[in-house]
Amino acid sequence: VVYTQSEILQREVYLFERLDSPNREPMKHLKAICFLRPTKENVELLVQELRRPKYSVYFIYFSNVISKSDVKALAEADEQEVVAEVQEFYGDYIAVNPHVFSLNLLGCCRGRSWDPAQLTRTTQGLTALLLSLKKCPMIRYQLSSEPAKRLAECVKQVITKEYELFDFRRTEVPPLLLILDRSDDAITPLLNQWTYQAMVHELLGINNNRIDLSRVPGISKDLREVVLSAENDEFYANNMYLNFAEIGTNIKNLMEDFQRRKPKEQQKLESIADMKAFVENYPQFKKMSGTVSKHVTVVGELSRLVAERNLLEVSEVEQELACQNDHSSALQSVRRLLQSPRLSELDAARLVMLYALRYERHASNGLPGLLEELRGRGGTDRYRKLVSAVVEYGGKRARGSDLFSPKDAVAITKQFLKGLKGIENVYTQHQPLLQETLDQLIKGKLKDSQYPYLGPNTLRDRPQDIIVFLIGGATYEEALAVFNLNRSNPGVRVVLGGTTIHNTRR
């Protein structure tokens with residue numbers, strides 16, 4: 001995610017091996033740089049390696065704090081004195097966007113409490129992030145969530161224990177770590193998305209910047225898996241937060257620009273200068289041609305799926321469920337769609353889940369009927385079970401916040417005005433709960449009674465440096481909200497992290 005192979009090659013690193021691959025050949029003329037998580041297994045593998053070293057010198061970097069006893073074990077194994085240095089280089093998390101990180105953990109809790117191994121891993125990931133950003137923060141957490149409180153305490157313990165590492169230069173306003181729980185907003189990960197990055201993840205799935213296109217009808221071999229990274233793809237960097245309609249136009253412009261730059265096939269290479277110009281422009285041309293074919297393929301596949309699964313209509317009903325408050329109209333819309341043969345299993349289940357979360361306590365709740373229709377679609381029972389699981393996870397009893405009721409007259413007017421702005425906003429009217437929470441936090445209005453500080457100290461000033469972490473996973477819709485908050489609040493920096501980055505399937 002951080003470095004492409006070609007970038008590493010430019011640094012004269014010519015061989016990439018995994019520590020656990022069994023039949024590596026000894027190559028005593030090479031130096032080895034090891035970058036590892038400091039796990040028990042890795043230390044054990046490294047001990048084996050140092051007993052019978054395959055390379056001349058070892059530079060060992062751990063992505064997190066390593067215990068003295070582990071260092072001792074390595075020192076004892078290094079009888080041939082091949083280790084040149086051992087360092088901690090904090091990078092124990094996945095940097096997804098410039099302001100978003102993930103730990104790639106799926107299913108971190110069992111019911112309402114942490115899976116112990118995942119709690120340890122999450123604490124490590126979060127403390128490594130703080131160390132790499134050089135922050136020693138004050139911590140606030142969501143009171144209604146037991147996992148949030150546990151994680152806050154674990155992070156605090158590490159900061160206390162490793163106080164020398166966390167002894168950074170004090171800033172005027174201390175940084176703030178806010179720990180939230182996904183179950184407070186189970187709606188956001190269930191909605192179809194219409195901005196480029198979020199849409200790609202929702203419909204195709206992004207895995208460490210890779211997109212699997214092998215299922216695309218008639219796909220060519222070299223496009224079966226493509227990489228989308230804002231670091232080295234200018235088109236993606238400029239378009240990842242734009243709406244799908246705009247992407248179409250921009251792709252067209254990209255194509256036209258590419259056509260203009262195409263080296264003319266019949267171009268006569270008469271002089272040395274012609275040849276030189278051709279050779280100089282060729283790599284850039286080749287790169288551009290790769291970018292064009294990649295994005296045309298991805299956008300083409302998104303369009304195909306939108307049409308095939310009737311997602312414009314589906315999304316409109318989802319937004320109505322998430323943002324409006326008209327039960328009978330919503331129920332009718334969901335029923336109508338459930339009868340459509342074009343609706344996929346996943347989309348059918350998703351609509352019923354959204355309905356179940358939204359109108360869980362409504363007097364004339366129509367959920368039993370909808371579940372019957374799900375079954376009538378030839379749907380397996382798996383989806384019906386999932387509906388009740390989602391309500392148990394993110395329903396009224398589980399939430400600490402007010403997910404649906406507009407907070408006050410101002411909010412209601414805002415929503416009304418937004419509705420007037422025209423049809424293109426029908427698909428993007430939903431705002432994740434996180435946006436409201438961060439908005440309150442930046443204005444200094446987030447209630448201590450719902451989001452208490454850990455420990456006696458509180459912030460007197462409005463926070464400027466905010467790291468917000470979602471137990472149970474963040475989404476690209478929330479990444480977009482944070483991107484916009486950073487843009488509209490100069491002087492405030494928000495970084496968003498989660499145990500994973502969700503789409504509906506996940």
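A residue counts as buried when its relative accessible area is under 20%, as exposed when that area is over 50%, and as partly exposed in between, with a 1.4 Å probe and protein chains only. By this definition E301 is buried, with a relative accessible area of 6%. The structure is a predicted model, in which local features need pLDDT of at least 70 and side-chain atom pairs count only at pLDDT 80 or more, while totals for chains, interfaces and linings use all residues. Residues are numbered from 1 along each chain as its sequence is written, and side-chain values use heavy atoms, with hydrogens and water left out.

Helices (H or I, at least four residues) and strands (E, at least two) are DSSP runs, numbered from the N terminus. Contact means heavy atoms within 4.5 Å.

**Helices α8 and α9**

- Helix α8 covers residues 244-261 and helix α9 covers residues 272-308; their axes come within 10 Å and cross at roughly 150°. Axes are lines fitted to C-alpha atoms, for helices over the stretch in contact, and angles run from 0 to 180 degrees between N-to-C directions.
- The helices α8 and α9 are therefore roughly antiparallel to each other. Angles under 35 degrees count as roughly parallel, over 145 as roughly antiparallel, 65 to 115 as roughly perpendicular and the rest as oblique.
- The crossing of α8 past α9 is left-handed.
- Leaving aside neighbours within four places in sequence, E301 is in contact with L204, V216 and P217.

**The parallel sheet β1-β2-β3**

- Strands of a sheet pair through backbone hydrogen bonds, either parallel or antiparallel. Two strands are taken to pair if DSSP finds at least two bridges between them.
- An open sheet is formed by 3 strands in the order β1-β2-β3, with parallel pairing.
- Strands β1 (31-36) and β3 (83-88) stand at the edges with a single partner strand each, so one side of each is left without a neighbour in the sheet.
- From one strand to the next, the twist averages 10°.
- Strand β2 (residues 57-62) is joined to β3 by 5 bridges. Within this pair, F62 stands opposite E88 in β3.
- Helix α2 (residues 40-51) packs on the sheet and touches β1, β2 and β3; the direction of α2 makes about 175° with that of β2.

**Other strands**

- Strand β9 (residues 176-181) is mostly covered, as 6 of its 6 residues are buried. L176, L178 and L180 point one way from β9, whereas L177, I179 and D181 point the other way.
- Strand β8 (residues 138-141) runs parallel to β9 and is joined to β9 by 4 bridges. Y141 stands opposite I179 in β9.
- Another open sheet has 3 strands in the order β10-β11-β12, with antiparallel pairing. Its edge strands, β10 (206-207) and β12 (225-227), each pair on one side only.
- Strand β11 (residues 210-212) is joined to β12 by 3 bridges. The bridge partner of R210 in β12 is V227.

**Individual residues**

- V387 has its place in helix α14 (residues 381-394) and is buried, with a relative accessible area of 1%.
- Leaving aside neighbours within four places in sequence, V387 is in contact with residues including A349, V352, M353 and L371. The C-alpha atoms of V387 and L371 are separated by 8.5 Å, although these residues are 16 residues apart along the chain.
- Most residues other than glycine have a negative phi.
- E12, a residue other than glycine, has a positive phi near 65°. E12 is found in the loop between α1 (5-10) and β1 and is exposed, with a relative accessible area of 59%.
- E81 is not a glycine either, and has a positive phi of about 50°. E81 lies in the loop between α3 (68-77) and β3 and is exposed, with a relative accessible area of 69%.

How values were computed. A crossing is left-handed if the near helix is turned anticlockwise from the far one by less than a right angle, and right-handed if clockwise.
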